[in-house]
Amino acid sequence: MIHPTAIVHPGACIAEGVEIGPFSVIGEHVEIGAGTRVGPHVVITGHTRIGRDNRIFQFCSLGEMPQDKKYGGEPTRLEIGDRNTIREYCNFNTGTVQDAGVTRIGDDNWVMASVHIGHDCQVGNKTIMANNVTLAGHVTVGDWVILGGMTAVHQFARIGAHSMCGGGTILLQDLPPYVMVSGNPAATHGTNSEGLRRRGFSAEAISAIKRAYKTIYRSGLTLDEARKQLAEAAVVTPELQPLLDFISAAGRGIVR
C-alpha cells in the first residue's frame, strides 16, 4: 500500500506488496523489492536498489549523493539486500567513481537509529550496528560483526567477520576477524568466544582461535612471524584461514 500523501516518481520500480508511509519520497531510479515496508517521512533517492522484506523506519535518507567533494554527479549506486531492519534517522550514501561506484549492504542486518554508512562501504550479512555508528567512506564490514553505539570507523578500514567493537570505539586500523576491541583509539580485549559459540563454532575451533589471538598479540612475535605460525595451524583448523588471509592483506595495519 502506498499512502496517498507519499510522492513516488512514475519511473520508480515498486514491487507488489511494498508499503510506503505518509509523506515519504521515492525517486525516479529507485527499485524496492516485494514485502519491504517504508515508514513515514523517508527519502529514497539516487540509483538505489532495495531487496525484499526490509523494514525502513521514519526519517531515513537512503541513496543521497556521497559526502565527498570530488563527487561530480556521476550515477553511482546504493544496493541494499533482503530482510534488513533500518531504524530511524539512518543515512546511507551512494558510491563514488574513485572506488567501485556502489555502496552495498547485505542481508539480515540490524541497523539501529542514526547510523551513517558512507560512500563505497561494503557491509556483509547479519551485522548489528547500534545507535550512532558512523562508517566513513570505503569501509568494509564482514559478516556477523557487532559495532557498539557511537563507534566511529576511519575511512578505508576493514572489519573482519565475527569481530566486535564496544560502545564509543574509535577504530583507526583494520580489525581482524574474531577479535574484540574498545576504546579511543581501539585496543584489543580478546576474542569474541561467546559469539562464536552461539554461531555453532566447535570448542576446538574456538580454542584454536584463542591460541591464534595470543600468537598475534601476546607472543612478542612480529606480524610476519605470527603469520607463519598461523599458516601452519590453519592446515589443521580451517577456521583460522580467514584470520590469516585478513592480516596478510592489512594495508593499514591491524589494531594492536
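Which residues in H3 meet which residues in H4? Leu-223, Arg-227, Leu-230, Ala-231 and Ala-234 are the ones in H3, and they meet Gln-241, Leu-243, Leu-244, Ile-247 and Ser-248 in H4. Contact here means heavy atoms within 4.5 Å. By class, this contact has seven nonpolar, two polar and one charged residues. In that scheme Ala, Val, Leu, Ile, Met, Phe, Trp, Tyr, Cys and Pro count as nonpolar, Asp, Glu, Lys and Arg as charged, and the others, Gly among them, as polar.

This is a predicted model, in which local features need pLDDT of at least 70 and side-chain atom pairs count only at pLDDT 80 or more, while totals for chains, interfaces and linings use all residues. Residues are numbered from 1 along each chain as its sequence is written, and side-chain values use heavy atoms, with hydrogens and water left out. Helices (H or I, at least four residues) and strands (E, at least two) are DSSP runs, numbered from the N terminus.

The axes of H3 and H4 are 9 Å apart, and the two helices pack at an angle of about 155 degrees. H3 is therefore roughly antiparallel to H4. Axes are lines fitted to C-alpha atoms, for helices over the stretch in contact, and angles run from 0 to 180 degrees between N-to-C directions; those under 35 degrees count as roughly parallel, over 145 as roughly antiparallel, 65 to 115 as roughly perpendicular and the rest as oblique. The crossing of H3 with H4 is left-handed (the near helix is turned anticlockwise from the far one by less than a right angle; clockwise would be right-handed).

H3 (residues 223-236) also packs on H2 (residues 203-217): their axes come within 8 Å and cross at roughly 160 degrees. This angle makes H2 roughly antiparallel to H3. The crossing of H2 and H3 is right-handed. On the H2 side, Ala-212, Thr-215 and Ile-216 make the contact, and on the H3 side Leu-223, Ala-226, Gln-229 and Leu-230 do. Five of these residues are nonpolar, two are polar and none is charged.

The largest nonpolar core has 63 residues, of which Ile-44, Ile-56, Leu-62, Phe-92, Ile-117 and Leu-135 touch the most other members. Such a core is a set of buried Ala, Val, Leu, Ile, Met, Phe, Trp, Tyr and Cys residues joined through side-chain atoms within 4.5 Å. Among the elements that give two or more residues to this core are strand E5 (30-32), strand E11 (77-80) and helix H4 (241-248). H2 gives the most, with eight residues.

Leaving aside neighbours within four places in sequence, Leu-62 is in contact with residues including Ile-44, Thr-45, Ile-56 and Phe-92. Thr-45 lies in the loop between strand E7 (43-44) and strand E8 (47-50). Thr-45 counts as partly exposed because its relative accessibility is 22% (buried means under 20% relative accessible area, exposed over 50%, partly exposed in between, with a 1.4 Å probe and protein chains only).

Thr-85, in strand E12 (residues 85-86), counts as buried at 13% relative accessibility. Not counting residues up to four places away in sequence, Thr-85 touches Arg-55, Phe-57, Asn-109, Trp-110 and Val-111.
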